[in-house]
Amino acid sequence: MWPRDAEPEPDPESTHGPRSGRTVPGLRALLPARAFLCSLKGRLLLAESGLSFITFVCYVVSSASAFLTVPLLEFLLAIYFLFADAMQLNDKWQGLCWPMMDFLRCVTAALIYFVISITAVAKYSEGAYKAAGVFGFFATIVFAIDFYLIFNEVAKFLKQGDSGNETTAHRTEENSNSDSDSD
């Protein structure tokens, strides 16, 4: 909007080190890419980690800490999978079955969140428990959506693999039939 100066003024802090408002390039590499965070998987993992953290804080504030472990573990696992997917560790570590691990994480999280949310809402009357139960129900829905999408991706992949095997088996069968006919 404003016209630029022909000669920019030298930065007085450039000789004394980086300004506090600037980001250090080395630390920027630890953050997930913006494209991944805007993708569906990135948004789901952000929602899972956010809801797990909020549920964890609600259980910390409440008087009994019986349900504290599940949101904490799910928060840490969601953060781990967020960075693993963002840094494409599934390509680097081929020995692990990443879709199955993510699927099992989502299924168990959805089931356990559902159970502890029902227990928190039905058994306790404190506001923190009620809030944790409501956020737990939201987390159940987000985890269920995630495992549904993972299941569809895995099923589609397996169907493509099966159709390739069927065509190969069909061709092998045709070749064996043509060989027996020529005798």
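A crossing of two helices is left-handed if the near helix is turned anticlockwise from the far one by less than a right angle, and right-handed if clockwise. Helices here are DSSP runs, H or I, of at least four residues, numbered from the N terminus.

Quick housekeeping: this is a predicted model, where local features need pLDDT of at least 70 and side-chain atom pairs count only at pLDDT 80 or more, while totals for chains, interfaces and linings use all residues. Residues are numbered from 1 along each chain as its sequence is written, and side-chain values use heavy atoms, with hydrogens and water left out.

OK, the helix pair. α4, residues 69-86, packs on α6, residues 98-123, at about 155 degrees, with the axes 11 Å apart. Those axes are lines fitted to C-alpha atoms over the stretch in contact, with angles from 0 to 180 degrees between N-to-C directions. Over 145 degrees counts as roughly antiparallel, so α4 and α6 are roughly antiparallel to each other. And α4 passes α6 in a left-handed crossing.

Who touches whom? On the α4 side, the residues include V70, L77 and F81, and on the α6 side they include W98, R105 and I112; contact means heavy atoms within 4.5 Å. By class, this contact has 13 nonpolar, no polar and three charged residues. Nonpolar is Ala, Val, Leu, Ile, Met, Phe, Trp, Tyr, Cys and Pro; charged is Asp, Glu, Lys and Arg; the others, Gly among them, are polar.

Which helix gives the most to the lining of the largest pocket? That's α7, with seven residues.

Notes. Helix = DSSP H or I, 4+ residues; strand = E, 2+ residues; numbered from the N terminus. Parallel < 35°, antiparallel > 145°, perpendicular 65-115°, else oblique.
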